[in-house]
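Welcome to a short tour of one structure.

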Amino acid sequence: MSVPFIDFSRQNQAIQAEVDAGFKRVIEKSAFIMGPDVKKFEDEFAAFCGVKYAAGVNSGTDALYFALAALGIGPGDEVILPTHTFIATALCVSDTGATVRFVDIEQETYNIDPDKFARAITPRTRAVIPVHLYGQMAHMQQICQIAGKHGVAVVEDACQAHGARYKAQRSGSMGRAGCFSFYPTKGLGGWGDGGMLVTNDDKVYQTVSMLRDYGRTDRYSHRVKGFNSRLDTLQAVVLSAKLRHLDEWNAMRRDVAAIYARELRGAAVALPQQAADRDHVYQTFAIRLKERERVMEGLKTRGIASLIHYPIPIHLQEAYRDAGCAAGAFPVAEAVAADILSLPLFPHMTEAQVLEVTGALKELV
Ligand SMILES: Cc1ncc(COP(=O)(O)O)c(C=O)c1O
């Protein structure tokens with residue numbers, strides 16, 4: 001049996017009727033930009049996260065960039081982030097003109113190491129971007145405490161952690177702003193690009209609402225130099241329909257992860273660890289193992305997909321050569337990048353599919 005990395009066909013079936021009706025409504029009114037469907041989804045998403053405001057934008061990258069821009073971050077400032085993440089976490093900083101300061105990650109959760117964050121703070125540090133990688137929130141309590149002491153803003157990169165919790169709090173709700181991607185493969189994914197910024201901060205919300213819409217305050221008045229980066233109305237219809245299922249689908253992801261953990265116990269792989277105070281949503285099921293490339297090839301031969309998130313830490317990417325970090329600068333992140341492997345995981349994955357993967361994997365390792 002071949003096993004795809006993800007298969008959202010059952011998700012799509014579950015929302016198809018609601019989406020058809022929503023698309024019909026939007027098309028009949030030719031109301032393709034913003035409008036009540038975007039506002040409705042923003043309100044639903046804000047309530048889901050437990051925050052005052054949500055502003056739809058066209059990607060997670062733009063949500064991150066707008067958060068930093070709304071905080072006034074620019075040339076001369078420094079922003080701290082983990083080097084083991086998707087490159088967009090760094091690009092949004094560079095786009096403001098600020099300097100990226102990489103730090104290493106925790107061995108256990110693969111998220112930013114709070115102690116190393118504390119040590120990287122300088123008088124120029126304006127913000128930190130904890131990334132809730134693979135579906136598990138970073139150590140937010142410690143990060144917010146350290147940041148608060150030094151007057152550093154916390155901008156959460158929650159692009160991989162829709163609905164995850166730190167104690168009782170949802171991802172995106174603990175920093176000055178939380179940023180989400182609705183790229184199709186995400187836990188809450190659209191049928192195209194999309195993103196959202198959530199915040200309790202009136203000023204951040206108002207600024208981002210202007211920045212995403214040509215910097216305007218009304219049809220003809222432009223207070224700041226903005227962008228065209230709105231959440232597409234048809235995507236809002238899809239996302240609103242999916243949001244109602246998100247907690248259920250995240251619980252299904254956890255069930256799949258539990259089968260993986262049960263079956264791989266004792267195998268020569270390191271399993272993901274869930275911190276006791278956190279609710280993991282398993283956007284990605286990432287294991288560590290020896291001879292990764294050989295195992296990937298073996299899985300591929302058996303029709304089983306796997307991916308690497310991510311093989312090159314950002315400080316070693318050519319695009320960030322100007323950061324001046326040599327190999328060896330962030331040993332935990334570099335070791336993880338060398339042997340991490342993501343296995344197929346999606347909410348409707350069957351036990352038989354998981355057993356197919358684990359059976360093949362146990363043979364190969
Ligand atoms: C951790 C992280 N940050 C930022 C992004 C950027 O989101 P987008 O692709 O919607 O721009 C992504 C996803 O692609 C991500 O995984």
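Two strands pair if DSSP finds at least two bridges between them. Helices (H or I, at least four residues) and strands (E, at least two) are DSSP runs, numbered from the N terminus. With those terms in hand, here is a sheet to start with: three strands form an open sheet in the order S12-S14-S15, with antiparallel pairing.

Please note that this is a predicted model, in which local features need pLDDT of at least 70 and side-chain atom pairs count only at pLDDT 80 or more, while totals for chains, interfaces and linings use all residues. Residues are numbered from 1 along each chain as its sequence is written.

**Two open sheets**

- In the sheet S12-S14-S15, strand S12 (269-270) and strand S15 (340-343) stand at the edges with a single partner strand each, so one side of each has no neighbour in the sheet.
- Strand S14 (residues 285-289) pairs with S15 in the antiparallel sense over four bridges, and Arg288 stands opposite Ile340 in S15.
- Another open sheet has three strands in the order S7-S6-S13, and its pairing is antiparallel.
- Its edge strands are S7 (169-170) and S13 (278-279), each of which pairs on one side only.
- Strand S6 (residues 165-166) pairs with S13 over two bridges in the antiparallel sense, and Tyr166 stands opposite Arg278 in S13.

**Around the ligand**

- The ligand has 15 residues around it, and Ser59, Gly60, Thr61, Cys159 and Ser181 come nearest; a residue counts as near if its C-beta atom, placed from the backbone, lies within 6 Å.
- Helix H3 (60-70) and helix H4 (88-96) each supply at least two residues of this shell.
- By class, the shell holds five nonpolar, eight polar and two charged residues. Here Ala, Val, Leu, Ile, Met, Phe, Trp, Tyr, Cys and Pro count as nonpolar, Asp, Glu, Lys and Arg as charged, and the others, Gly among them, as polar.

**H3 and its helix partners**

- H3 and H4 pack at an angle of about 40 degrees, with their axes 9 Å apart. Axes are lines fitted to C-alpha atoms, for helices over the stretch in contact, and angles run from 0 to 180 degrees between N-to-C directions.
- H3 and H4 are therefore oblique to each other; angles under 35 degrees count as roughly parallel, over 145 as roughly antiparallel, 65 to 115 as roughly perpendicular and the rest as oblique.
- Residues making the contact include Gly60, Thr61 and Leu64 of H3 and Ala88, Thr89 and Leu91 of H4, where contact requires C-beta atoms, placed from the backbone, within 7 Å.
- The contact of H3 with H4 divides into eight nonpolar, four polar and one charged residue.
- The axes of H3 and helix H7 (residues 202-211) come within 9 Å and cross at roughly 125 degrees, which makes H3 oblique to H7.
- Phe66, Ala67, Ala69 and Ala70 of H3 meet Val204, Thr207, Val208 and Leu211 of H7, a contact with seven nonpolar, one polar and no charged residues.

**H2 against H8**

- Helix H2 (residues 36-49) and helix H8 (residues 233-243) pack at an angle of about 35 degrees, with axes 8 Å apart.
- Among the residues in this contact are Phe41, Phe45 and Phe48 of H2 and Val237, Leu239 and Leu243 of H8.
- By class, the contact of H2 with H8 has eight nonpolar, two polar and three charged residues.

Key
Two residues are in contact if their C-beta atoms, placed from the backbone, lie within 7 Å.
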